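I opened my notebook to record, entry by entry, what I looked up in this structure.

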Amino acid sequence: MATIFSDPEVQTLATAIDRELAGIEHSRPTGAVQRSLEEPDAPLAKQAAEIERITQEKPVTFLKQFRKAAKADLCQEGGVLYTQWQQWKDLASGDVVKNFGPVLVAMGFSGVLLETLVVAVGVIVIHIGLKAFCEEFGDSPPPPDARL
């Protein structure tokens with residue numbers, strides 16, 4: 001995968017992700033994450049607002065497109081982040097930056113918008129967990145009573 005960010009940029013963006021995650025309520029969301037992204041007081045409201053501001057799309061719509069573009073790395077066996085999640089049930093912020101950057105560039109983002117977007121998407125994916133992200137933003141809707 002192509003390198004989009006320099007090592008210092010990766011570190012800066014990873015630190016931004018970690019800082020935002022530290023400011024979010026520590027519990028994992030339950031129920032539909034998609035609905036919670038539309039609530040102004042939800043733990044991920046800041047990230048959802050950034051996604052909407054940058055992409056001019058509803059966060060749920062954009063995250064479904066992102067998941068589709070990043071599916072091989074995130075949601076399929078053998079993917080870099082998929083493998084990391086299976087082993088540790090966590091993702092390193094630096095790895096998220098390195099892997100999400102090329103996907104977002106391929107989707108047409110660059111510059112400061114790319115940096116802001118990689119942080120917002122990274123926070124959402126790490127906070128809800130990779131498995132929940134792949135299920136929640138997949139091609140078919142999750143069951144109404146799915147627990148994330």
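**The disulfide**

I looked up C134 and noted that C134 is buried, with a relative accessible area of 12%, where buried means under 20% relative accessible area, exposed over 50% and partly exposed in between, using a 1.4 Å probe and protein chains only. I wrote beside this that the model is predicted, that local features need pLDDT of at least 70, that side-chain atom pairs count only at pLDDT 80 or more, and that totals for chains, interfaces and linings use all residues.

Which residue forms a disulfide with C134? I found that the partner is C75, with the two sulfur atoms 1.9 Å apart; a disulfide here is a pair of cysteine sulfur atoms within 2.5 Å. The pair links distant parts of the chain, 59 residues apart, since C75 sits in the loop between helix 4 (59-74) and helix 5 (80-88) while C134 sits in helix 8 (residues 130-136). Helices are DSSP runs of H or I with at least four residues, numbered from the N terminus. I also noted that C75 is buried, at a relative accessible area of 17%, and that the torsion about the S-S bond is about -85°, so the disulfide is left-handed. My search of the whole structure found 1 disulfide.

**Helix 7**

I read off helix 7 as residues 111-128, which is 18 residues, reaching 26 Å from the first C-alpha to the last and close to the 26 Å expected at 1.5 Å a residue; the expected span is 1.5 Å times one less than the number of residues. After helix 7 comes G129, whose phi is positive, near 95°.

**Q84**

Is Q84 buried or exposed? I found Q84 in helix 5, and Q84 is buried, with a relative accessible area of 16%. Leaving out residues up to four places away in sequence, Q84 touches K89, D90, L91, A92 and D95, where contact means heavy atoms within 4.5 Å. I also recorded that Q84 and L74 are 10 residues apart in sequence and 9.6 Å apart in space, C-alpha to C-alpha.

Methods: Residues are numbered from 1 along each chain as its sequence is written. Side-chain values use heavy atoms; hydrogens and water are left out. Helices (H or I, at least four residues) and strands (E, at least two) are DSSP runs, numbered from the N terminus.
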